[in-house]
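Here is a short briefing to read alongside the sequence and the coordinates. Take a look at the structure first, and then we can go through it together.

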There are 2 protein chains.
Amino acid sequence: MPKKYHHGDLKNALIKAGVEILAKEGVGGLSLRKVAQRAGVSHSAPYAHFPDKQSLIAAISTEGFNQLYAELEAAISPYSKNPKKQLLDGVKAYVRFAEENTDTFKIMFSGILEKEKDYPTFVESSSKTFSLVVMVVQACQDIGILPAAPADLLAVTIWGQIHGIVSLALEGQVSHTVLEQYNVQDVVSFAIEQMLLRQPN
Amino acid sequence: MPKKYHHGDLKNALIKAGVEILAKEGVGGLSLRKVAQRAGVSHSAPYAHFPDKQSLIAAISTEGFNQLYAELEAAISPYSKNPKKQLLDGVKAYVRFAEENTDTFKIMFSGILEKEKDYPTFVESSSKTFSLVVMVVQACQDIGILPAAPADLLAVTIWGQIHGIVSLALEGQVSHTVLEQYNVQDVVSFAIEQMLLRQPN
DNA sequence: GACACAATCTTGACGGTGTCAAGATTTTCG
DNA sequence: CGAAAATCTTGACACCGTCAAGATTGTGTC
């Protein structure tokens, strides 16, 4: 429980302010000075907690991955005995997260953060999330609805597919021919069904 | 053939300068003023040809899509009687383009351009490229190596998959578990093979 | 409890950025 | 040839990330 001591616990307030600005003004509107102002401190107060803007972005992205992890976890955990539902619901949760947090999603995946591997907590949050995907994929392989293959390789394939469709849709790259008839969730559901093996029942 | 009249044909020189800066300094290093300087004109000369920075970015992205289209076309056209090879080689060309033009690729797909639909030539170039994918997918369906489904829907699925894997890899999001053992081309090839139907021979 | 030290925050400055207005120069065209 | 339009320069503005110097507040030690 962080108590206020000087002005409050800035670090987190700055991250929160960043997320809010991101949601309100988009990636282009995110500046250190605006974040500082929204947190009620002067323009270079953030430098007591983040060495530069990239660092703040890394923190916001990390927060995003933590939230994504939590939502995936929540979508998956009720069905530990039903891997197929885990896969379908997990994917739905992923799409929902991207749609509801468009700009956080962008900042997490669109290369705005330039040297990801310099931020260990970011790397950890992101690979923890990936390991969730691997687990579900593995469970699906065990019951024979996904083909036999290295689980991490297959996981990249599946995650990549969902991620790619969502990204293209977010970019408005898909709209004309397809998205007028289907929405993103539908396209993604279709994609996953294509990957599932026919059950030999 | 654009002749020099005042200082040369700026518009194109600016686009070219932009691509070069992009390749040399990355997305973060791209500024209107640097572009102008590299083209040998003063800092606000670009405003005679582009209303704002977004417009220049749109032009660079459009150029990128034209190049991508050309490379896909070149990879595909020799095999008009072999859709499977068209699909595999097209995908390889896509990955190669992303790897060789990392930052142009980013600018094309990473939401840096904020209102794509305001730039008709951009929309046209991008959807022309998409239509190539649809064509190949349709040809593959005709010979029964891809499942029956609306061609554009299936095309989004496949393009999305390739695009997602490439994006995640470019972001360094995949490295730890997978990319140490496989490279991007391998992962993508694996993904495509998963989608192909077993021939009933 | 006092005091030195460290953490936190403010103020002010620097160069770089996108954009606009005013004016200079050049091309185009009637 | 001359007027009008296109092109480019100069200069200014607000905003940005970042740094240095100093003020303020909390922490740990005797």
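A disulfide here is a pair of cysteine sulfur atoms within 2.5 Å. With that cut-off, a search of the whole structure turns up zero disulfides over all chains. Please keep in mind that this is a predicted model.

**Cysteines**
- Cys140(A) has 0% relative accessibility and therefore counts as buried.
- Cys140(B) likewise counts as buried, because its relative accessibility is 0%.

**How the two chains are related**

**The interface**
- Chain B gives 42 residues to the contact, and chain A gives 42 residues.
- About 3,500 Å² is buried between chain B and chain A, and carbon and sulfur atoms give 65% of that area.
- On the chain B side, Leu153(B), Glu171(B) and Gln173(B) lose the most area to chain A, together 17% of what that side buries.
- Between chain B and chain A there are zero salt bridges.

**Helix H9 of chain B**
- The twelve residues of helix H9 (residues 184–195) of chain B should span 16 Å at 1.5 Å a residue, and the end C-alpha atoms are 17 Å apart, which agrees.
- Buried residues in H9(B) include Val184(B), Val187(B), Val188(B), Ala191(B), Ile192(B) and Met195(B).
- Gln185(B) and Phe190(B) are also buried in H9(B).
- An α-helix has 3.6 residues a turn, so residues three or four places apart point the same way.

Notes. Residues are numbered from 1 along each chain as its sequence is written. Chains are lettered from A and ligands numbered from 1 in the order in which they are written. This is a predicted model: local features need pLDDT of at least 70, side-chain atom pairs count only at pLDDT 80 or more; totals for chains, interfaces and linings use all residues. Side-chain values use heavy atoms; hydrogens and water are left out. Helices (H or I, at least four residues) and strands (E, at least two) are DSSP runs, numbered from the N terminus. The expected span of a helix is 1.5 Å times one less than its number of residues. Buried means under 20% relative accessible area, exposed over 50%, partly exposed in between (1.4 Å probe, protein chains only). Contact means heavy atoms within 4.5 Å. Buried area is the accessible area (1.4 Å probe) that two parts lose on being put together, summed over both. A salt bridge is a side-chain nitrogen of Lys or Arg within 4 Å of a carboxyl oxygen of Asp or Glu.
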